[in-house]
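Please read them beside the sequence and the model.

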Amino acid sequence: MKKNIVFVVLSAAAILCGCTKENLEQETILSKDVKTVLSASLSPLSKTAIDGVKVSWTKGDAINACGAASQPLAEDTEKAEFAFTEALSAPYSAVYPASLYKDASTITLPAVWEASVCPTPLAAYSESSPSLEFAPVTALLKLQVTGSGETLKQVSVRALGGETLSGDFTIDYKASALTPAEGGSDCVTVASGAALGSTPLVVYVPVPAGKYDSGLQIDFEAESGKILRKNLSAREFTAGSLRSLPALDFGGAKGIMSAADFLAFAAAVNAGESTEPWENAEGVVNLLADIDFTGVTGWTPVGNATAPWNSYNPVVTDGHPFTGKFDGNAHHIKNLHLVCNETVAGKHFGIFGYLAPGALVQNFVIEDNCSLTVNSSEFISAGMIAGVVYDATVRDISSYAPLTYSGSATEALPMA
């Protein structure tokens, strides 16, 4: 069944993720088979908290109460009557959507939601009355993105401090509160597939309440392979609250999309020119897609500086080291075959040559169809990622490329 949104924006036609239809295919059950009926209302949420929307139940919604799934609602309503074929008895504990229920004390927040059906998880408790008032058990992130000609594949949110965003949670129905259980994940993804335009597409992501001491990383990924990244600093979320981020634009994404772009970026660094054409708002050069270097020969490293070692300190005598920030955004480097025939001592060879103090290179994969061959017989440093890393940072990179050293100088350093 098509899953409808329960939250309805009053000021515009935009859709807000809220209570949605459960994908439950059940035959209509005659009233004589109904043994329990629980009425369900929604707690009064402020306009600030829910972005100025009216909350109601939607046809097809279902809850789980006391371990039993209700029949889906037959119509839209502000106050619902959920019917059960089981005879339930007080106290009543319930969760929406019904699919989140795992056992009497545990719910599971999926690692992957569908944007068209992503609900606000709700819980309710009543000691004796069959009338339940549901309240949110998570916060919501309101994310917006534009980009004419692009299709949004998914949005991923990762807790940089390792806090749990998906998986099993112990639920306190009385307090509408969640406590992460073991084995959860620090990431949650909302799959989209929606075409983008000049009007921002809104995606809502449920985030468990709590403190996120290292902040959150938010990645918008287009079907084309482009990735927009936004990092949020440390913050605390409360259940029922909404945090709204300004719209990001794929059309304004700056970064490296192809091998030609990468070569142009390398040439700019080596000429001592600005890398601003490939930098995002935070000054980071980004890969926006997997890069296939098929056909590229005669590689010149990014940061092709001559820097002979002097008392364990590489002193630059010629050229320009790389001092900036480079983020691969988890993309892959493919079919890059590096051959070092360097004849000048003090050179440093790799994708990057000399990474100088303050430089950052991170977050990409070098596939096993790449390679590095070192033929130099001079005093040089070589590695697939970089020739030398001097007071710089290299992290979150996986290289599966084979290395071959055939030089004759004992000083040559083939480094991964």
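Q: In what order do the five strands of the open sheet lie?
A: This is a predicted model, in which local features need pLDDT of at least 70, side-chain atom pairs count only at pLDDT 80 or more, and totals for chains, interfaces and linings use all residues. Residues are numbered from 1 along each chain as its sequence is written, and side-chain values use heavy atoms, with hydrogens and water left out. Strands are DSSP runs (E, at least two residues) numbered from the N terminus, and two of them pair if DSSP finds at least two bridges between them. With mixed pairing, the order is β10-β17-β14-β20-β21.

Q: Which strands stand at the edges of this sheet?
A: An edge strand here has a single partner strand, so one side of it is left without a neighbour in the sheet. That applies to β10 (112-114) and β21 (227-232).

Q: Which residue in β17 is the bridge partner of Glu114?
A: Strand β17 (residues 187-195) pairs with β10 in the parallel sense, over three bridges. Within β17, the bridge partner of Glu114 is Ala191.

Q: What kind of aromatic pair do Trp57 and Tyr96 form?
A: Rings of Phe, Tyr and Trp (its six-membered ring) pair if their centres lie within 6.5 Å, and planes under 30 degrees apart count as stacked, over 60 as edge-to-face and the rest as tilted. By this rule there are 15 aromatic pairs. For Trp57 and Tyr96, with 5.6 Å centre to centre and 80° between the planes, the pair is edge-to-face.

Q: How many residues apart are Trp57 and Tyr96?
A: Both Trp57 and Tyr96 are buried (under 20% relative accessible area with a 1.4 Å probe, protein chains only; exposed is over 50%, partly exposed in between). Trp57 sits in the loop between β3 (53-54) and β4 (64-65), whereas Tyr96 belongs to strand β7 (residues 92-96), and the pair links distant parts of the chain, 39 residues apart.

Q: Why is Gln144 classed as buried?
A: Gln144 lies in strand β13 (residues 138-146). Leaving aside neighbours within four places in sequence, Gln144 is in contact (heavy atoms within 4.5 Å) with residues including Pro200, Phe220 and Leu248. Gln144 is buried because its relative accessible area is 16%.

Q: Which residue's backbone oxygen does the side chain of Gln144 reach?
A: Leu245 is among the residues in contact with Gln144. At 3.0 Å, the side chain of Gln144 reaches the backbone oxygen of Leu245.

Conventions:
Helices (H or I, at least four residues) and strands (E, at least two) are DSSP runs, numbered from the N terminus. A polar contact is a pair of N or O atoms within 3.5 Å; within protein, one must be able to donate a hydrogen and the other to accept it, and residues adjacent in sequence count only if both atoms are side-chain atoms.
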